[in-house]
Amino acid sequence: MSTLQVPSSLPSTSEDCEQLKKAFAGWGTNEGLIISILAHRNAGQRKLIRQTYAETYGEDLLKALDKELTNDFERAVLVWTLEPAERDAFLANEATKKWTSSNQVIMEIACTRSSHELLLARQAYHARFKRSLEEDVAHHTTGDFRKLLVLLVSSYRYEGPEVNMTLAKHEAKTLHEKIKDKAYNDEDLIRILTTRSKAQLNATFNHYNNEFGNAINKDLKTDPKNEFLALLRATVKCLTFPEKYFEKLLRLTINKMGTDEWALTRVVTTRAEVDMQQIKEEYYRRNSVPLDKAISKDTSGDYEEMLLALIGHGKS
């Protein structure tokens, strides 16, 4: 569920563009005005604002924002203003360039988007970088990570609710055998995780739990220092309970020494129009602190205001 608060009576798109142009005029930028407009418009409205701004003023709104804004606030506004598929392409490209075995961003994008959204992100990647996401992921990753991640970003899963219970039982047994033998990079294990629908995987993991007495992620925790196992666990979580994955990511992002603004911005901008309400509920359940309070404690100024606007001004 989205936390985006769009006013019931909106100004026209050309009025929004006029106000944004005003926000850039004069000596100082009016950051509050930028937040009051862009943080309260949905993806379709922001796309229209960008088109109208370019037609009216002969300049890309993103370039204008880039000139006027700085630091974490600039990044949050720019990433938010991108269309969702463009944003995913941009974030995935950054993740491939900065890739380390502990970087889970590529998996996160591949597993928490619908099949259609992932396809649009791959098309946006072609358009922007003149290469495929798959080839960049393959180029920047190695070994078992490459094996899993290339298949995840190439996937086009079935989205329907139908579940084959016989298959779920059979594949739960396969997964259990491979995990018991520590064959974590086994082709069947990777095939199941990268091709089955989310509904089918849910049934498989439920059967695994009932039949073998442990949640699959518990059995994948045998070596806490193994980063490939950490990636497998995160894959399972993103495919089944994305709000739990994002809650944990926010908790680690906010609570560690010095906030990881890169991750904080990514989670808030990519989930605000999707499932931020569920993430907020999960965060409160897990930490007994509302997410807006946690963000306020760790951020400040325009950056804080932008994030709070996107998560719905702390409404639980």
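## Helix H12 and its cover

Helix H10 (143-154), helix H11 (165-180), helix H13 (198-212) and helix H15 (227-240) are among the elements that cover the buried residues of H12. This is a predicted model. H12 itself spans residues 187-195. Its buried residues are Leu189, Ile190, Ile192, Leu193 and Thr194.

Look next at the start of H12. There, Asp186 brings a side-chain oxygen to within 2.7 Å of a backbone nitrogen. That nitrogen belongs to Asp188.

## Arg266 in helix H17

Arg266 sits in helix H17, which covers residues 261-271. Is Arg266 buried or exposed? Its relative accessibility is 4%, so Arg266 counts as buried, since the cut-off for buried is under 20%.

The side chain of Arg266 has a polar contact with the side chain of Glu108, at 2.7 Å. Leaving aside residues up to four places away in sequence, Arg266 touches Leu91, Val105, Glu108 and Leu249.

## Helices H19 and H20

Two packed helices are described by the angle between their axes and the distance between the axes. Helix H19 holds residues 291-298, and helix H20 holds residues 301-310. Their axes come within 9 Å and cross at roughly 170 degrees. H19 is therefore roughly antiparallel to H20, because angles over 145 degrees count that way.

Which residues meet here? From H19 come Asp292, Ile295 and Ser296. From H20 come Glu304, Leu307 and Leu308. By class, this contact has three nonpolar, one polar and two charged residues.

Note on methods
Residues numbered from 1 in each chain as written. Predicted model: local features only at pLDDT ≥ 70, side-chain atom pairs only at ≥ 80, totals over all residues. Heavy atoms only, no water. Helix = DSSP H or I, 4+ residues; strand = E, 2+ residues; numbered from the N terminus. Buried < 20%, exposed > 50% of the residue type's maximum accessible area, 1.4 Å probe, protein only. Polar contact = N/O pair within 3.5 Å; in protein donor to acceptor, adjacent residues only side chain to side chain. Contact = heavy atoms within 4.5 Å. Axes fitted to C-alpha atoms, helices over the stretch in contact; angles between N-to-C directions. Parallel < 35°, antiparallel > 145°, perpendicular 65-115°, else oblique. Nonpolar A, V, L, I, M, F, W, Y, C, P; charged D, E, K, R; others polar.
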